[in-house]
Amino acid sequence: MSIPSSDLPTRARPEDYPLVMDVPLVAEMLLTDANQVRKWANAGLIPCHRVPGTRKYRFLRDEILVWLKQLPSDSAEDEEEETVTQQS
């Protein structure tokens, strides 16, 4: 199953995104929808900044990239399981 090209992000690399992003841009970058990004922001799960006097969030590209690198990955869990299996 292929994704229609119109549904793919228009920016291919993280450097193509602006330094300061709004919710829709972060959603595009993370390949999710804007409501999910808002939920993560409300829960404090994603680095964000609130615009004073509004309900709007702003995200710094570099903070998002660091946050992504710090998230645990499935491959890291697989490596841990392999290490435990090898030690047994």
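The model is predicted: local features require pLDDT of at least 70, side-chain atom pairs count only at pLDDT 80 or more, and totals for chains, interfaces and linings use all residues. Residues are numbered from 1 along each chain as its sequence is written, and side-chain values use heavy atoms, with hydrogens and water left out.

**The sheet**

Helices (H or I, at least four residues) and strands (E, at least two) are DSSP runs, numbered from the N terminus. Three strands make up an open sheet in the order β1-β3-β2, with antiparallel pairing; β1 and β2 (49–50) are the edge strands, each pairing on one side only. Two strands count as paired if DSSP finds at least two bridges between them. β1 and β3 are joined by two bridges, and two bridges likewise join β2 to β3. Residues that face one another across the sheet are listed here.

| Residue | Opposite residue in β3 |
|---|---|
| M21 | F59 |
| H49 | R58 |

In a regular strand, side chains alternate between the two faces of the sheet. In β3, Y57 and F59 form the covered face, whereas R58 and L60 form the uncovered one. The hairpin of β2 and β3 has six residues between the strands, and G53 takes a positive phi near 80 degrees there. Helix α3 lies across β1, β2 and β3, running at about 70 degrees to β3. Axes are lines fitted to C-alpha atoms, for helices over the stretch in contact, and angles run from 0 to 180 degrees between N-to-C directions.

**Helices α1 and α2**

The axes of α1 (residues 23–30) and α2 (residues 34–43) come within 8 Å and cross at roughly 105 degrees. α1 is therefore roughly perpendicular to α2, a term that covers angles of 65 to 115 degrees. In this contact (heavy atoms within 4.5 Å), V23, V26, A27 and L30 of α1 meet A34, V37, R38 and W40 of α2. By class, the contact has seven nonpolar, no polar and one charged residues. Ala, Val, Leu, Ile, Met, Phe, Trp, Tyr, Cys and Pro count as nonpolar, Asp, Glu, Lys and Arg as charged, and the others, Gly among them, as polar.

Because six of its eight residues are buried, α1 is largely enclosed by the rest of the structure. Buried means under 20% relative accessible area, with a 1.4 Å probe and protein chains only. The buried residues of α1 are V23, L25, V26, A27, M29 and L30, and they pack against β1 (20–21), α2, β3 (57–60) and α3 (61–70). At the start of α1, a side-chain oxygen of D22 comes to within 3.2 Å of the backbone nitrogen of L25. Just after α1, L31 adopts a positive phi of about 55 degrees.

**Arginine 61**

R61 belongs to helix α3 and is buried, with a relative accessible area of 13%.

Terms used:
Parallel < 35°, antiparallel > 145°, perpendicular 65-115°, else oblique. Buried < 20%, exposed > 50% of the residue type's maximum accessible area, 1.4 Å probe, protein only. Polar contact = N/O pair within 3.5 Å; in protein donor to acceptor, adjacent residues only side chain to side chain.
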